[in-house]
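Open the model in your viewer and keep the sequence panel beside it. The tour starts with the whole protein, then stops at two residues.

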Amino acid sequence: MLRSAIVAVRSAALQPEHFRQLNYVQLSRLFGSQLRSCSAQSSPNTSSSKHDASTEQKTAETDTKTAESTKEAKESEHDRLLKEKEGLLKDLQDKYKRSLADNENILTRSRKQIDESRLFGIQTFSKDLLEVADILGKATETVPTEEIEKNIALKNLYEGLLMTEAQLQKVFKKNGLEKIHPMDEKFDPYSHEALFQIPFPDKEKGTVAVVEKVGYKLHGRTLRPALVGVVKE
């Protein structure tokens, strides 16, 4: 519009007869009206530009806030998933350790049972042999010593019985079976069985005074307690 004003003034200047008729006031009005028209037409465009710029700024701020909110939501979700994975991993590790401990306990019990089966598998057989050992012991005890030197046959029989008993005790010991003969020992309820109590002034109270029947242990475990008489307290 400024250009139009200039063109109008130039046209007036090119026509001398009209230009001379225009005074200063008229030229000012003409030029001013053109400038105002130009200003009026350009003003809406400036206001519109400002409005558009403000709208774009608000849109950019909204987009920025949305992006930040989305980022925070993603980070929060990532943290939640990470914590869930850590909890699951810890739970699996605990279960794995418990499983290892259970397996180790099972192996330990199995080894112990195998060892006990190997050591005490002959327990029933050993109990049956104890009766044989008792009979041999009674047989040697009942032979009168004064008759041994007089009778050669009895002497040979007696020596044979002693050798058999000694060999049987040797086999017992080889297989972990040991005799319990607790004469003058302190009474032990785990290895001895008291049949009676008797007064013995010369012996300590609570000690074994009489052994009625010897006992046996198999690998340290009492297989048969010794039957004893204890000094009365």
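Show the surface first. The protein's accessible surface comes to about 17,800 Å², and carbon and sulfur atoms hold 55% of that area. These areas come from the Shrake-Rupley method with a 1.4 Å probe; for residues, only the protein chains shown count as cover.

A word on the model: it is predicted, so local features need pLDDT of at least 70 and side-chain atom pairs count only at pLDDT 80 or more, while totals for chains, interfaces and linings use all residues. Residues are numbered from 1 along each chain as its sequence is written, and side-chain values use heavy atoms, with hydrogens and water left out.

Switch to cartoon. You will find six helices and six strands. Along the sequence the pattern reads α-α-α-α-α-α-β-β-β-β-β-β. Helices (H or I, at least four residues) and strands (E, at least two) are DSSP runs, numbered from the N terminus.

Colour by burial next. Of the 233 residues, 18% are buried (under 20% relative accessible area; exposed is over 50%, partly exposed in between; 1.4 Å probe, protein chains only).

Select helix H6, residues 152-174, and pick Gln-169. Is Gln-169 buried or exposed? Gln-169 is buried, because its relative accessible area is 18%. Beyond residues up to four places away in sequence, Gln-169 touches Ala-133, Lys-179 and Tyr-216. A contact means heavy atoms within 4.5 Å.

Move to Ser-191, in the loop between strand E1 (177-180) and strand E2 (192-198). Ser-191 has 5% relative accessibility, so it counts as buried. Which residues does Ser-191 contact, leaving aside neighbours within four places in sequence? Select Ile-180, Lys-217, Thr-222, Pro-225 and Ala-226.

Finish by zooming out to the contacts. Among those in the protein with a separation of 6 or more, 62% join residues 24 or more positions apart.
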